[in-house]
Amino acid sequence: MTNIKVIIPAFNEEKSIGLVLQDIPSNVNEVIVVNNNSNDNTHKVAKNNGATVLLETNKGYGYACLKGLEYIAKQQSKPDIIVFLDG
């Protein structure tokens, strides 16, 4: 079975992140939402929809993507595929 991880950088995506997460295919092993210093409830909505939520305080898409990759690099089981999506 293919090990697939999805990284979603998110800044103030409270209204859309739940919809995005609900549309993730069931063959994805883990969805990682990187909350990029949002000031809304992005992190709560993401967590309530089953995502692993990380915090990146440095603003910027690149910082958020790198935070997700660092998290994956520390895991024992490496994914076969990493997908980046917009929140």
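# Close-up views of a predicted model

**Figure 1. Surroundings of Ile8 and the nonpolar cores.** Not counting residues up to four places away in sequence, Ile8 touches Ile17, Val20, Leu21, Val31, Ile32, Val33, Val34, Leu85, Asp86 and Gly87. The largest nonpolar core has 12 residues, namely Ile4, Val6, Ile8, Ala10, Ile17, Leu21, Ile24, Val28, Val31, Val33, Ala46 and Ala51. Strand β1, helix α1 (17–22) and strand β2 each supply at least two residues of this core, and the largest share, 4 residues, comes from β1. Apart from this core lies another, of 6 residues, among them Ile7, Ile32, Val34 and Ile72. In soluble globular proteins, nonpolar side chains tend to be buried together.

**Figure 2. Strand β2 and its pairing with β1.** Strands β1 and β2 run parallel and are joined by 6 bridges. Ala10 has Asn35 of β2 as its bridge partner. Of the 6 residues of β2, 6 are buried, so the strand is largely enclosed by the rest of the structure. Glu30, Ile32 and Val34 point one way from β2, whereas Val31, Val33 and Asn35 point the other way. The residues on both sides are buried.

**Figure 3. Helix α3 and its buried side.** Helix α3 has 13 residues and reaches 18 Å from its first C-alpha to its last, close to the 18 Å expected at 1.5 Å a residue. Which residues of α3 are buried? They are Ala64, Cys65, Gly68 and Ile72. These residues cover an arc of only 100° around the axis, which puts them on the same side of α3. An α-helix has 3.6 residues a turn, so residues three or four places apart point the same way. The buried residues of α3 pack against β1 (4–10), β2 (30–35), β3 and β4 (81–84).

Figure 4. Glu56 lies in the loop between β3 (52–55) and α3 (61–73). Is this residue buried or exposed, at 9% relative accessibility? Glu56 counts as buried, because buried means under 20% relative accessible area. A polar atom of the Glu56 side chain lies 2.9 Å from the backbone nitrogen of Asn58. With its neighbours within four places in sequence left aside, Glu56 is in contact with Val34, Asn35, Asn36, Asn37, Tyr63, Ala64 and Lys67.

**Figure 5. Asn49 in the loop between α2 and β3.** Asn49 is found in the loop between α2 (42–48) and β3, and at 32% relative accessibility Asn49 counts as partly exposed. The side chains of Asn49 and Gln22 are joined by a polar contact of 3.4 Å. A polar atom of the Asn49 side chain also lies 2.8 Å from the backbone oxygen of Val45. Leaving aside neighbours within four places in sequence, Asn49 is in contact with Gly18, Leu21 and Gln22. Asn49 and Leu21 are 28 residues apart in sequence, and their C-alpha atoms are 6.5 Å apart in space.

**Figure 6. Ile81 in strand β4.** Ile81 has its place in strand β4 and is partly exposed, with a relative accessible area of 39%. Its contacts, not counting residues up to four places away in sequence, are Thr2, Asn3, Ile4 and Lys5. The C-alpha atoms of Ile81 and Val6 are separated by 8.4 Å, although the two residues are 75 residues apart along the chain.

Conventions
Residues are numbered from 1 along each chain as its sequence is written. This is a predicted model: local features need pLDDT of at least 70, side-chain atom pairs count only at pLDDT 80 or more; totals for chains, interfaces and linings use all residues. Side-chain values use heavy atoms; hydrogens and water are left out. Buried means under 20% relative accessible area, exposed over 50%, partly exposed in between (1.4 Å probe, protein chains only). A polar contact is a pair of N or O atoms within 3.5 Å; within protein, one must be able to donate a hydrogen and the other to accept it, and residues adjacent in sequence count only if both atoms are side-chain atoms. Contact means heavy atoms within 4.5 Å. The expected span of a helix is 1.5 Å times one less than its number of residues. The arc is that of the directions from the helix axis to the C-beta atoms. A nonpolar core is a set of buried Ala, Val, Leu, Ile, Met, Phe, Trp, Tyr and Cys residues joined through side-chain atoms within 4.5 Å. Two strands pair if DSSP finds at least two bridges between them.
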